[in-house]
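Welcome! Please take a moment with the sequence and the structure below before reading on.

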Amino acid sequence: MMNGHTLKITDLRESDSAEYKFKFITDQTGGKYTGDPGVTLSVTDLQVKVTTTWWSTTLTCSTTCTLTGNPTYIWYKNSKIVQGASSPSYSVYFNTEDRFYCAVNGINSHPVSVEGHSYFHVTYTHQSVCTLKGSSVDIPCSYTFPRGHSVSETKWYTKGKLDEAPQILNPGYGGRVEYLGNMQSDSTLRITELREEDSAEYKIRFRTDQTTWEPTSPGTTLTVTGLQVMVTPATVSEGQTVTLTCSTTCTLTDNPNPTYIWYKNGHVTNQSNSLFLNPVSSEDAGRYSCAVEGHEDLHSPEETLTVRYGPKNTSVSVSPSGEIMEGSSVTLTCSSDANPPVDKYTWYKKNVTSAKASGQSYSITNIISEDRGEYYCEAQNRKGSMNSTVLMIVVAGKQTSVLTAAVGIIVVVLVLILCLSGLMWFRKQASKSTSNTRDTADDGQGNSSPVYDNVSSMAMTSTAAQTADNQDYVHYSSVHFSGSKNQEVPLYSTVQLPQPQIQEDVQYTAVKFSCPSAATR
């Protein structure tokens, strides 16, 4: 049979320290029992021990024995908590009249004061700073010195990594470093045009007129971050919901909840923490970047955004354009907008079941009338397919080529020119011959009278022409010869003419004869 008993003592005092044992008596003869060994209780008081160095004062909450369990120490300054749930030590880096004490489980120590202590001390305003690449940053600190010391030089430096030596940052270092402050009680390190490699822990060291001091306390850790556009999901298809997020590797110290400016292809498109595209379309594809409001000149690298979609805007073009003649050749070309690009083109003729050809271009050579009709193409990729609009091909019959027609016209013109030239030449020669004959007659006759030959043709109406078929027509000509100076001799001649024409035709000619002085027939 098991039983349990507990002893509870309140309002403990140091005099309660002792060994406690449990004894019980049974109803049996000699039934007295005592637990051995018992429990040793040590009652201790909390005390604050003060340890002073030349750079700080350390307060330690101490006891005369090790407290059972894992006690939590709380430090108070003037009854206000300054450090909670921490270790039993607390450091003070400045001269103060404040009173400090510690507490464990509601039990307080006696307060102590650090007034009158003198030491070196530096306080960094920020333990860590996160800022944007390309921006500027100020890292301030303040410090105190023992009486009788004055600062002759301050140096900012970066703590070396592993075995690397510290890097001293003198004013003007790299054209990007500047010191601000009065240098006797405060100093601020300013770095411009920040780069990611500027990320480091920055500390300050001093030189006084008596010593050189490099504080051992942690400095300010600087993290330089760039902006980056994150696209969710990573692979985007048309119709999905897409979220673009502007991210940093750390929370910006001066702007923990920034508003972002969004850019598409270099132009402002939105102002929000995240950019939502719902649903996304092919028109949303492009290069996206972001910037923090107030730092619009510091853009993230351009990302983004590729949208996958099936073929669209599918169309057919023909070359050469214009009228298509029998015997000629044409090439049909299919074009389409798609991502990924079209990987298969198929050509069809309307009302024809089977495909005509495959490939982006389709050539028809030595065209015949049976090739006329309506043609279209089908564009296809992994996301889908689309047919183009229909292209009508009309085949015209064969025609004489323009060159052949031009050559024929030129030949005809040349023949006409030659004929006209020949006719003009013959007429010119005949005119010369008549002139020569007249001149010869004039020379033989002296003052002989000219000879006239009048040839007339009876005008025939269409009726007369019909009744006078197969008849000869007699025309008279009167010829005068100057046979002698005193006598004219008439000369008559009968002229047989061809069939009469419907219209009137009157011809005149002048004939000269060289005759002897005696008249002859």
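## Aromatic rings

Please keep in mind that this is a predicted model. A pair of aromatic rings is described by the distance of the centres and the angle of the planes. Here there are ten aromatic pairs. One of them brings together Tyr-362 and Tyr-375: the ring centres are 6.3 Å apart and the planes meet at 50 degrees, so this pair is tilted. An angle under 30 degrees would have made a pair stacked, and one over 60 edge-to-face.

Elsewhere, ring pairs join Trp-75, Tyr-90 and Phe-100 into a cluster.

## Charges over rings

Which residue lies over the face of Tyr-157? It is Arg-205, at 4.7 Å from the ring centre. In a second example, Lys-312 lies over the face of Tyr-309, at 5.0 Å from the ring centre.

## The largest pocket

Rolling a probe the size of a water molecule over the atoms shows where empty space is left. The largest pocket holds about 520 Å³ of space. It is lined by 15 residues, and the closest to its centre are Leu-12, Ser-42, Val-43, Thr-44 and Leu-67. By type, the lining has nine nonpolar residues, five polar and one charged.

## Backbone features to look for

Most residues other than glycine have a negative phi, and most peptide bonds are trans. Two cases of a cis bond can be found here. Asp-36 and Pro-37 are joined by a cis peptide bond with omega about 0 degrees, and Pro-37 sits in the loop between strand 3 (32–34) and strand 4 (39–41). The bond from Asn-278 to Pro-279 is also cis, with omega near -10 degrees; Pro-279 is in the loop between strand 28 (274–277) and strand 29 (288–292).

Now for positive phi values. Asn-78 has a phi near 55 degrees and lies in the loop between strand 7 (73–77) and strand 8 (80–86). Its relative accessible area is 42%, so Asn-78 is partly exposed. Asn-313 also has a phi near 55 degrees, but its place is in strand 30 (residues 307–319). With 59% relative accessibility, Asn-313 counts as exposed.

Notes:
Residues numbered from 1 in each chain as written. Predicted model: local features only at pLDDT ≥ 70, side-chain atom pairs only at ≥ 80, totals over all residues. Heavy atoms only, no water. Phe/Tyr/Trp six-rings, centres within 6.5 Å; stacked < 30°, edge-to-face > 60°. Lys NZ or Arg CZ within 6 Å of the ring centre and 35° of its normal. 1 Å grid on protein atoms, 1.4 Å probe; cavity = no way out; pocket = protein on both sides within 12 Å on 5 of 7 lines; lining within 4 Å. Points joined across faces, edges and corners; volume = space filled by probe spheres on them. Nonpolar A, V, L, I, M, F, W, Y, C, P; charged D, E, K, R; others polar. Helix = DSSP H or I, 4+ residues; strand = E, 2+ residues; numbered from the N terminus. Buried < 20%, exposed > 50% of the residue type's maximum accessible area, 1.4 Å probe, protein only.
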